[in-house]
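Here is a quick walk through a predicted model. Have a look at the sequence and structure, then read on.

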2 protein chains.
Amino acid sequence: MAAERIVTAAVVIIGNEILSGRTQDVNLAYLGQQLNALGIRLREGRIVADVEDEIVAAVNELRRRYTYVFTTGGIGPTHDDITSESVAKAFGVKLIRHPEAERRLREHYGPERINEARLRMADMPQGAELIDNPVSIAPGYQIGNVFVLAGVPAIMRAMFDSLKHRLVGGAPVLSISISTRLAEGTIAEGLGALQKRYPELDIGSYPFFRGDRFGTTLVLRGIDAAMLSQAAQELRDLIRALGAAPLDEEPD
Amino acid sequence: MAAERIVTAAVVIIGNEILSGRTQDVNLAYLGQQLNALGIRLREGRIVADVEDEIVAAVNELRRRYTYVFTTGGIGPTHDDITSESVAKAFGVKLIRHPEAERRLREHYGPERINEARLRMADMPQGAELIDNPVSIAPGYQIGNVFVLAGVPAIMRAMFDSLKHRLVGGAPVLSISISTRLAEGTIAEGLGALQKRYPELDIGSYPFFRGDRFGTTLVLRGIDAAMLSQAAQELRDLIRALGAAPLDEEPD
């Protein structure tokens with residue numbers, strides 16, 4: 001098999017409201033799934049406060065380590081929205097008012113409702129390339145390998161749709177899930193041996209609890225479909241050898 | 001006012017299943033809320049893969065920066081559960097079989113069901129102090145300022161209840177939330193001025209969308225109740241001056 005290019009990503013979730021537990025983040029899981037479908041592996045996430053030094057440090061560390069970085073949150077019109085200043089600082093460039101972003105905001109709000117706070121949403125690091133926002137107009141942007149997105153999930157998703165043609169993926173990661181009523185501790189030994197036989201695959205074990213029903217979902221992930229299928233067959237045989245039935249889905 | 005001790009925390013969420021989007025993390029928001037109630041500020045979160053070097057690096061960086069660190073995930077019986085080996089490595093101590101943890105596991109599973117995979121759940125860094133797990137017995141543990149917890153939310157929450165008497169909190173953070181139908185961009189200027197007048201408070205602005213209803217929730221947070229109450233009154237006046245009504249809750 002030809003060596004496949006591994007493409008990686010990290011997500012930086014920016015916002016005190018996530019850390020205080022006021023808001024449940026749902027963007028990381030969404031980005032993980034979407035990137036996976038494009039052959040990009042989400043390798044790390046960071047949740048940082050609305051503090052410039054923290055955002056600068058996270059963006060700079062992660063943009064060097066991963067192919068792509070996505071930030072969510074902190075690009076609105078209020079004083080606690082400091083992502084753009086921070087990203088400009090991380091890249092060592094000026095924060096400028098982006099003419100096309102300004103044009104879109106002026107057109108959307110009209111002369112009556114445009115104001116300096118809203119125009120701040122057009123302030124971006126020099127060199128930023130806009131990402132369309134069909135939901136609420138104020139654009140996200142890309143600078144280098146960093147994509148700066150809104151935190152509101154509906155807007156973040158629309159922005160991701162607008163940018164995903166720019167991403168160059170690697171080999172797609174395929175997966176097979178097999179569930180069983182066996183407890184993790186019962187299947188652990190055989191599963192560990194299976195992982196040793198297939199070091200190129202990533203085999204995960206996740207217990208589930210549904211009231212009085214419990215069991216384990218095993219997820220095999222890899223880029224070689226034939227190898228994945230063969231390992232899945234061995235896993236089904238292992239489950240049967242332990243006296244249980246392999247299920248293709250988690251029982252309700 | 002006397003200087004108050006600031007107590008901080010970080011959370012490390014360990015698991016490929018969170019990064020792939022298979023599993024939605026809900027532990028960070030829970031810990032953020034619980035810690036807040038104890039006067040401990042959750043300052044940072046990291047989501048790392050099931051990779052030893054990544055776990056070691058995150059634990060070592062965060063335990064030096066924050067008063068407390070909580071890890072979730074990776075302490076089950078299967079080959080992909082590598083948190084304990086990683087935490088031992090982070091602290092530079094041996095991984096040993098904890099006698100009391102082993103006793104609990106043997107008693108719970110009985111001679112028929114105990115096996116080497118399940119006994120691995122008793123392997124902990126030397127010096128670990130157990131955290132009770134009333135749900136599924138296998139304990140979590142504390143080493144230094146690091147608390148190692150399960151990833152399954154029901155178990156993580158039970159473990160948190162078991163350990164929270166060990167935490168020494170600081171001044172509790174109080175908060176007042178005020179909502180309005182005003183858009184963020186309309187209130188941004190006055191809100192920024194309010195934040196400047198009250199630098200000791202943390203004022204956050206969060207837009208909400210409920211079908212065709214939208215508006216903004218403003219959250220004021222701080223440790224001085226009188227100051228908070230005064231700032232909240234000024235915020236209500238600001239909202240009225242802009243022609244809207246301050247609401248104590250987000251409209252349905």
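**Strands in chain B**

Two strands count as paired if DSSP finds at least two bridges between them. Helices (H or I, at least four residues) and strands (E, at least two) are DSSP runs, numbered from the N terminus. With that in hand, take strand β6 (residues 129-131) of chain B: it pairs with strand β7 (residues 140-143) of chain B in the antiparallel sense, over 3 bridges. Across that pairing, L130(B) sits opposite Y141(B).

β7(B) also runs antiparallel to strand β8 (residues 146-149) of chain B, joined by 3 bridges. Here Y141(B) faces V148(B). The hairpin of β7(B) and β8(B) has 2 residues between the strands, and G144(B) takes a positive phi near 55° in it.

**How the two chains relate**

Rotate chain A by 180°, with 0.0 Å of shift along the axis, and chain A lands on chain B with an RMSD of 0.0 Å. That is the relation of a two-fold axis. Which residue of chain A comes closest to the rotation axis? R46(A) does, with its C-alpha at 2.3 Å.

**Where the chains meet**

Contacts link 46 residues of chain A with 46 residues of chain B, a contact being two residues whose C-beta atoms, placed from the backbone, lie within 7 Å. On the chain A side, the elements giving two or more residues are α1 (16-19), α2 (27-37), β2 (40-48), α6 (116-119), α8 (184-197) and β10 (202-210). By class, that side has 18 nonpolar, 17 polar and 11 charged residues. Ala, Val, Leu, Ile, Met, Phe, Trp, Tyr, Cys and Pro count as nonpolar, Asp, Glu, Lys and Arg as charged, and the others, Gly among them, as polar.

In β2(B), I47(B) is the bridge partner of G45(A).

**A bent helix in chain A**

α5(A) bends by about 60° at E107(A), and a proline, P111(A), follows within four residues. The bend is the angle between axes fitted to the seven residues ending at a residue and the seven starting there.

**Numbering and confidence**

Residues are numbered from 1 along each chain as its sequence is written, while chains are lettered from A and ligands numbered from 1 in the order in which they are written. In this predicted model, local features need pLDDT of at least 70 and side-chain atom pairs count only at pLDDT 80 or more, whereas totals for chains, interfaces and linings use all residues.

How values were computed. Least-squares fit on C-alpha atoms with pLDDT ≥ 70 in both.
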